[in-house]
Amino acid sequence: MSQFDNMYLDLCDKILSQGIKTEARNGITYRIPGNVWDFDLSKEFPILTTKSVAFKSAILEILWFYQAQSNRVQWLRDRGVHIWDKWEVSEDGIYRNPDTGSEKFFGKEWAGTIGSAYGYIVKKYNLMNECIRKIKEEPENRRNIISLWQDCEIPTAVLPSCVWNSTWMVLDGKLYSFVEQRSCDTAVGVPFNIVQYAALTCMLAHVTGLKPGVMHYEMVDVHIYEKHIDGIKEQLSRRNDALPAPKLWLNPDIKDFYEFDNSRELKDIKLIDYQHLDRIKFDVIA
């Protein structure tokens, strides 16, 4: 079985048994303070098999952030991805939270976007270009950081970045990533985020002539929403049925990060032999 399934289900067990029940802004959660994982990407690509994970949607979202460097939700919809529809600013410049009914005026200039978050920050501060340049030209650099948490941008971000920081290190021909996530929706967000940053690490290693090393993944507020508990228990019951991990395939002809196909076909980034159990429906909570 995949190593990630065991790690993930152990974490779910821990949250259900030790988590502190808390009334959050968007519902009741069970929370623990922190979790750290290490993924050796040379040995296994981490994606769950005890439920299906929408690989293409996850990769298209990470390309939306770092390759397209966009905050426009239509970019994702054009590719059949609707995971950000809930956070789109309306044409009148107002964001209306569909779960809580709350409203916030951002301004018509932000219509059709998620405000000043994620891809907007990557583009404004030239973060990805600088990251790639440092990997290639300054592999010994200890300041290769992509920070999506810019205080001046928070007031106009519909949802400030959950995975907010990544640090990149080159050592002995391998690319290592150190990823930090402030808010960790264990049922919905975490499986997506792990896939995304594992794939991003592999993609950047691929286009810079390196091999993928270890992804060090640090989580802070680790929680399960009360609404997700039944689904998590269903997944826990599948532990003994977990399947082997798949392989990540990247088109060997791609030499530039910005050349990876970002159409809905995702021609240059694929999973080989991804076997998984049935989907478990978890509502995305805004």
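Predicted model: local features only at pLDDT ≥ 70, side-chain atom pairs only at ≥ 80, totals over all residues.
1. On a 1 Å grid over the protein atoms alone, a cavity is a set of points where a 1.4 Å probe fits but cannot get out; the volume is the space filled by probe spheres set on points joined across faces, edges and corners. The structure holds one cavity of 30 Å³ or more.

2. As to the basis of the model, residues are numbered from 1 along each chain as its sequence is written, and side-chain values use heavy atoms, without hydrogens and water. Local features need pLDDT of at least 70 and side-chain atom pairs count only at pLDDT 80 or more, while totals for chains, interfaces and linings use all residues.

3. Residues lining the largest cavity include Lys134, Glu138, Trp168 and Val170; a lining residue has an atom within 4 Å of a point. Strand β6 (163-171) and helix α5 (127-137) each supply at least two lining residues, and β6 gives the most, with three. Helices (H or I, at least four residues) and strands (E, at least two) are DSSP runs, numbered from the N terminus.

4. Helix α2 (residues 55-66) has 12 residues, which should span 16 Å at 1.5 Å a residue, and its end C-alpha atoms are 17 Å apart, in agreement. The expected span is 1.5 Å times one less than the number of residues.

5. Of the 12 residues of α2, 11 are buried, that is, under 20% relative accessible area (1.4 Å probe, protein chains only). Among them are Phe55, Glu61, Trp64 and Tyr66.

Terms used. 1 Å grid on protein atoms, 1.4 Å probe; cavity = no way out; pocket = protein on both sides within 12 Å on 5 of 7 lines; lining within 4 Å. Buried < 20%, exposed > 50% of the residue type's maximum accessible area, 1.4 Å probe, protein only.
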